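Please keep both in view while working through the numbered points.

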Amino acid sequence: CHGIPGYQASFPEIHKVPMISGQGAKYIQAALSAYKKGERKHSTMRSIAVSLSDQDMADLAAFYESNAGPAAAAAVPGEAPGAVAELLKKGNCASCHGDNYSKPIDPSYPKLAGQHADYLYVALKAYKTEGNPQVGRGNAIMAGMAKPFSHAELKQMASYIASLPTDLKTVPEARFR
């Protein structure tokens with residue numbers, strides 16, 4: 001799925017599958033572990049993650065980290081439109097994901113810049129979801145960050161962050177196996 005440019009998932013709603021080539025290995029391992037534990041709810045990803053050993057996760061993470069695109073140009077602080085800049089400031093997004101949303105302060109945090117807007121929006125909404133056995137993400141910090149925002153505000157932030165330069169990409173498979 002992550003090797004097919006433009007591929008879309010249909011659960012919990014239609015959105016592009018995230019670009020993971022270029023993400024940090026520690027983030028990919030953390031995400032896979034969260035799917036395996038059920039902290040991130042997505043039936044397809046959980047079924048894949050539960051079949052992986054810790055070494056499998058480390059190997060996949062190293063592979064995807066090594067396939068980054070060219071280094072992204074740094075976004076100029078303050079370039080977000082006024083309303084979006086205020087939302088990002090209110091969410092304090094840069095404090096963890098970096099000023100250009102491409103250099104997280106902790107290697108287990110994701111790069112956000114340039115990621116598909118529809119995926120970012122669905123992910124942010126998932127942090128707000130509680131008590132749903134099919135949808136949600138169990139990260140208390142991100143839940144606290146996402147909950148104060150309306151869906152329209154989350155969509156505005158996701159659209160802006162998606163417009164930033166990135167080194168994330170989709171690496172197509174040379175052939176189907």
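1. A charge is said to sit over a ring if NZ of Lys or CZ of Arg is within 6 Å of the ring centre and within 35 degrees of the ring normal. The charged end of K90 meets this rule with the ring of F149, lying 4.9 Å from the ring centre. K155 likewise places its charged end over the ring of Y121, 4.9 Å from the centre.

2. The model is predicted, and local features need pLDDT of at least 70, side-chain atom pairs count only at pLDDT 80 or more, while totals for chains, interfaces and linings use all residues. Residues are numbered from 1 along each chain as its sequence is written, and side-chain values use heavy atoms, with hydrogens and water left out.

3. Consider next the aromatic rings. Rings of Phe, Tyr and Trp (its six-membered ring) pair if their centres lie within 6.5 Å; planes under 30 degrees apart count as stacked, over 60 as edge-to-face and the rest as tilted. The structure holds one aromatic pair. The ring centres of F63 and Y64 are 5.1 Å apart and the planes stand at 75°, so this pair is edge-to-face.

4. Are the two partners buried or exposed? Buried means under 20% relative accessible area, exposed over 50%, and partly exposed in between (1.4 Å probe, protein chains only). F63 is partly exposed, because its relative accessible area is 41%. Y64 counts as buried, because its relative accessibility is 17%.

5. Helices (H or I, at least four residues) and strands (E, at least two) are DSSP runs, numbered from the N terminus. Axes are lines fitted to C-alpha atoms, for helices over the stretch in contact, and angles run from 0 to 180 degrees between N-to-C directions. Helix α6 (residues 117-128) packs with helix α8 (residues 151-162) at an angle of about 140°, their axes being 8 Å apart. This makes α6 oblique to α8; angles under 35 degrees count as roughly parallel, over 145 as roughly antiparallel, 65 to 115 as roughly perpendicular and the rest as oblique.

6. Which residues bring α6 and α8 together? Contact means heavy atoms within 4.5 Å. Among the residues of α6 that meet α8 are L120, Y121 and L124, and the α8 side includes L154, K155 and A158.

7. V84, L87 and L88 in α4 meet E153, Q156, M157, Y160 and I161 in α8.

8. H116 lies in the loop between α5 (94-97) and α6. With 18% relative accessibility, H116 counts as buried. Apart from neighbours within four places in sequence, H116 is in contact with K16, V17, P18, M19 and A162.

9. Backbone angles also deserve attention. Most residues other than glycine have a negative phi. N92, in the loop between α4 and α5, has a positive phi near 55°, and N92 is partly exposed at 42%. Y101, in the loop between α5 and α6, has a positive phi near 60°, and Y101 is buried at 7%.

10. Finally, K41 belongs to strand β3 (residues 40-41). K41 and R137 are 96 residues apart in sequence, yet their C-alpha atoms are 6.2 Å apart in space.
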